[in-house]
Amino acid sequence: MPHAFAYRDRFELIKAGIKGIENLTLFPGSDYILSKATFPAYFLKEQGIIDECYTALDLMLFRQYIAPALDINHRFVGTEPFDPVTEKYNRDMADGLFRAPSEAPAIQVVEIPRVEKCGGAVSASRVRKLFDEGRMDLIRDLVPEATFAFLSEQANHR
């Protein structure tokens, strides 16, 4: 089973990785920002048909309540070449957050091409697999320095 990292640790790594980027605010997640409560299929990674109701509920809650409360008007996502559940969710966001009729302001969904390094797309799944295989030499070029330092420390405590 792939290694899992605590939410608190991942949040701190993201915070370190985006340090110095202007006009960017990192908010901690909650039970209603792409959560197991509102979109369980995303976390279960089921192979079957994704329940459209969960996606619609998740996006409606985000657009009508979370985004206005946090003054969010753009949502950035990376292209998803590996996981069909995430790839479909990205497509659904463009409709649910921008095009769908709503009293809430539209949210522009911006899809950013996935970074490619060392012969393939960079992904958390790829990094976790390499970590579980003990391939720290390959991870170094895929992650920010703060993440590499964290993973190195974790590897030393195994």
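Colleague: What mean pLDDT does the protein chain have, and what share of its residues reaches 70 or more?
Modeller: The mean pLDDT (the predictor's confidence in each residue, from 0 to 100) is 83 for the protein chain, and 83% of its residues reach 70 or more. This is a predicted model, in which local features need pLDDT of at least 70 and side-chain atom pairs 80 or more, while totals for chains, interfaces and linings use all residues. Residues are numbered from 1 along each chain as its sequence is written, and side-chain values use heavy atoms, without hydrogens or water.

Colleague: Where is confidence lowest, and where highest?
Modeller: Helix H2, residues 40–44, has the lowest confidence in the protein chain, with a mean of 54. The highest belongs to strand E2, residues 108–112, at 95. Helices (H or I, at least four residues) and strands (E, at least two) are DSSP runs numbered from the N terminus.

Colleague: Which stretch has pLDDT below 50?
Modeller: Residues 46–50 do. That stretch has seven contacts (heavy atoms within 4.5 Å) in the model beyond near neighbours in sequence.

Colleague: Turning to helix packing, at what angle do H1 and H7 cross?
Modeller: The axis of helix H1 (residues 7–17) crosses that of helix H7 (residues 145–156) at roughly 145°, and the two come within 8 Å. Axes are lines fitted to C-alpha atoms over the stretch in contact, with angles from 0 to 180 degrees between N-to-C directions.

Colleague: And which residues meet there?
Modeller: H1 brings Asp 9, Leu 13 and Ala 16, which meet Ala 146, Thr 147 and Phe 150 of H7.

Colleague: How many salt bridges are there?
Modeller: The count is seven, taking a side-chain nitrogen of Lys or Arg within 4 Å of a carboxyl oxygen of Asp or Glu. In one of them, Glu 80 pairs with Arg 114, with 2.7 Å between the closest N and O atoms.

Colleague: Why does that pair tie together parts that are apart in sequence?
Modeller: Glu 80 sits in the loop between strand E1 (74–78) and H4, and Arg 114 in the loop between E2 and strand E3 (116–117), so the pair links parts 34 residues apart in sequence.
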